[in-house]
Amino acid sequence: SCFRQKQVDRLAQLLPEVLATCRANDYGFLWTRPTLVGAADERVFTPLLLMAIRNSWESDYATSLLDALNLSRVELHPGYQLRVQTLGSFRVWRGDEPIPPNGWKRKSARLLFQLLITHRREMLDREQICEALWPEVDPATAQQNFKFALNALYSVLEPTRKAGAESAYIVRDGAAYGIRPYADLWIDVDQFLKELKAARGDPDRMERALALYQGEYLPDARYETWAIAERERLAMIFLENADRLIERLLEEARYEDVIDLCQRMLAQDNCWERAYRHLMIAYHGLGDYGQIARVYRRCVQTLREELEVDPAPETKVLFRTLSANG
């Protein structure tokens, strides 16, 4: 409460003493994980730790606590982690509190955040942003739209932030804006790619990684040109890795798992022909020969309607072979 009420003098008395007591008695867990006697969300204390470091109040100990939270490079913190889902649907949480669809105040604020998230490893010039979000309006109107969208975004992401104060999530450098480096920000895409990298050669870990891909990237921004490249990149990563995993699952005769994953692949790209072949092999393994024919017919119809081509010779030969065996 002293921190929220900006009682700096009171904090100068209490915080060093509390930190010293925790250090002496090995109570660091009270700062780094939820406890019954502490906070339900340990990140509520992060602004206090940053304050302690800035004021040299048990700064070495405070730094070690931030290290334990993997927040040692954070510069500003609102007391919660921002969690962002972009795959399959777009949702954002401030800690455990979801931002409802009507909580964005302006559609442009949501789109601005999605744009910055998409380009989170670079800074975007104000003109670039205006061109991406308002390509059909005159520059003066676009600049005004950007100002309104940015102010709304600030208030959505950090409701208690004072006007004019720096944001823990959005950084400005002259006329350029971007996601603040090392902000306490969890994004499902980053987790998906991290898990895939760690799962090389491990089918179980690969399954868990692919489960993070819940659908296409930013589906509510499907017609925004700035999201297309990232959407296609992530879809290809999912499809290629799912394809490789299916080969392992077939070797292990895990036919039901193959069918589930193939259906997810075809929901993402109904012209991914290898998925149809995998499906036919899986149904053959289960002895469901009627499904083999249905999968083949679906493949033929989809490829003709979408691409105006016939199935590859490999697909035709596989169908004939499995049908004959059946």
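I started with C22, which counts as buried at 5% relative accessibility (buried is under 20% relative accessible area, exposed over 50%, partly exposed in between; 1.4 Å probe, protein chains only). I then checked C271: C271 is in no disulfide, and the nearest cysteine sulfur, that of C299, is 8.8 Å away (a disulfide is a pair of cysteine sulfur atoms within 2.5 Å). C271 is buried too, at 18%. I found zero disulfides in the structure.

Notes on the source. This is a predicted model; local features need pLDDT of at least 70, side-chain atom pairs count only at pLDDT 80 or more, and totals for chains, interfaces and linings use all residues. Residues are numbered from 1 along each chain as its sequence is written, and side-chain values use heavy atoms, without hydrogens and water.

Next, salt bridges (a side-chain nitrogen of Lys or Arg within 4 Å of a carboxyl oxygen of Asp or Glu). I count 20 by this rule. I looked up R110 and D220, which pair at 3.2 Å, N to O. R110 sits in helix α5 and D220 in the loop between α9 and α10, so the pair ties together parts 110 residues apart in sequence (helices are DSSP runs of H or I, at least four residues; strands are runs of E, at least two; both are numbered from the N terminus). R110 is buried at 16%, whereas D220 is partly exposed at 39%.

I turned to E207 and R254: their closest N and O atoms are 2.6 Å apart. E207 lies in helix α9 and R254 in the loop between α10 and α11, so this bridge joins parts 47 residues apart in sequence. I also noted a salt-bridge network of E207, E252, R254 and D257.
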